[in-house]
Structure formats: C-alpha cells, structure tokens
Amino acid sequence: MTIKLKPLLISFLVALGGGGIVAFLTRNSMSIYDEINTPSFAPPAILFPIVWTILYSLMAISAYMIYESSSIIKNKALKVYGVQLFINFLWPILFFNAKEFFVSFLFLVVLWCMVFWMITLFLKIKPISGYLQIPYLLWLTFAAYLNFQIYILN
C-alpha cells in the first residue's frame, strides 16, 4: 500500500486540529474538573489530553484508510465519521464551558452510537480501520460512565 502524504496529513489535521481548537475553546474552563465532585475512579486531569491525542491519531489513520479505499460505501462511512467527530468536538464545550453534565452525558450516548455505527461501516470497508476505533469506543464507554457519575455527584 502506497501512503499518500497529503490525504494522510489532512486526516490528521482534521482530527488533531479539531481537538486542538476545542482544547483552546475550553482552556479557561478545564479547572472545573478539579472543582467538581468526581468519583474515586476518575483519572487525573493530565491523562485526558494524552488519551485524546492517541485516539485522534488512531481516528486519523483509520479515516485515511477509508478515504483511500474504493468501497462504494466509503462516502457514507466518512459522513458518519464527520458527524461523530462533530459531536465529539461539542462534548467538552457542553461539559466544561456550559457545565451541562446531564446534556453532555446524553451527547456521549449519541456519540457512542455514532462511533459504533462508524466502526460497523469501517469494518465492512477495511477491517483494520474498524479495529483501530475500538479503543475509542472503549474510552467513550468509560467517559460516559464517568460523566454520568459526575452528574449524579454534582
């Protein structure tokens, strides 16, 4: 497989760039994590940017594989990818800036469903691209549980 640098870089720019924009938009609200009641299993705040950088990188590689495929459903798969990415970018704004813990939990439930659908489509096109998304789905499962517990505690 020949790697096409321009589409791969664009894929990284979309995923990591979008995450960077959201980090910038929420930078003044991130301290909320230290101020709210969190469950005992809540990871330290420093872990989140590390995990998200890895997950966005896996998303970028996976989306690039789909983009480069010749599948007749690749456009549908990439649209689902785009929608889930948009929902993903909205979540921190709702959670950190707006402090809407229940609404952000609902967004995570919708996001989880979108990612599951995306994985299903990616697996049909190029299985490795779907497998690369499994850590993302697992993290979202944990994040939704954590988000719900924060809602309960606050």
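This is a predicted model: local features need pLDDT of at least 70, side-chain atom pairs count only at pLDDT 80 or more; totals for chains, interfaces and linings use all residues.
Trainee: At what angle do α1 and α4 pack?

Mentor: Axes are lines fitted to C-alpha atoms, for helices over the stretch in contact, and angles run from 0 to 180 degrees between N-to-C directions. Helix α1 (residues 5–26) packs against α4 at about 15°, with the axes 9 Å apart. The two helices, α1 and α4, are therefore roughly parallel to each other.

Trainee: Which residues of α1 and α4 make the contact?

Mentor: Contact means heavy atoms within 4.5 Å. Among the residues involved are Val 14, Gly 18 and Leu 25 of α1, together with Tyr 81, Phe 89 and Asn 97 of α4. By class, this contact of α1 with α4 has ten nonpolar, four polar and no charged residues.

Trainee: How many residues has α4?

Mentor: Helix α4 (residues 74–97) has 24 residues. From its first C-alpha to its last, α4 reaches 34 Å, close to the 34 Å expected at 1.5 Å a residue.

Trainee: Is Ser 69 buried or exposed?

Mentor: Buried means under 20% relative accessible area, exposed over 50%, and partly exposed in between (1.4 Å probe, protein chains only). Ser 69, found in the loop between α3 (47–68) and α4, counts as buried because its relative accessibility is 14%. Not counting residues up to four places away in sequence, Ser 69 touches Lys 74 and Ile 125.

How values were computed. Residues are numbered from 1 along each chain as its sequence is written. Side-chain values use heavy atoms; hydrogens and water are left out. Helices (H or I, at least four residues) and strands (E, at least two) are DSSP runs, numbered from the N terminus. The expected span of a helix is 1.5 Å times one less than its number of residues. Angles under 35 degrees count as roughly parallel, over 145 as roughly antiparallel, 65 to 115 as roughly perpendicular and the rest as oblique. Ala, Val, Leu, Ile, Met, Phe, Trp, Tyr, Cys and Pro count as nonpolar, Asp, Glu, Lys and Arg as charged, and the others, Gly among them, as polar.
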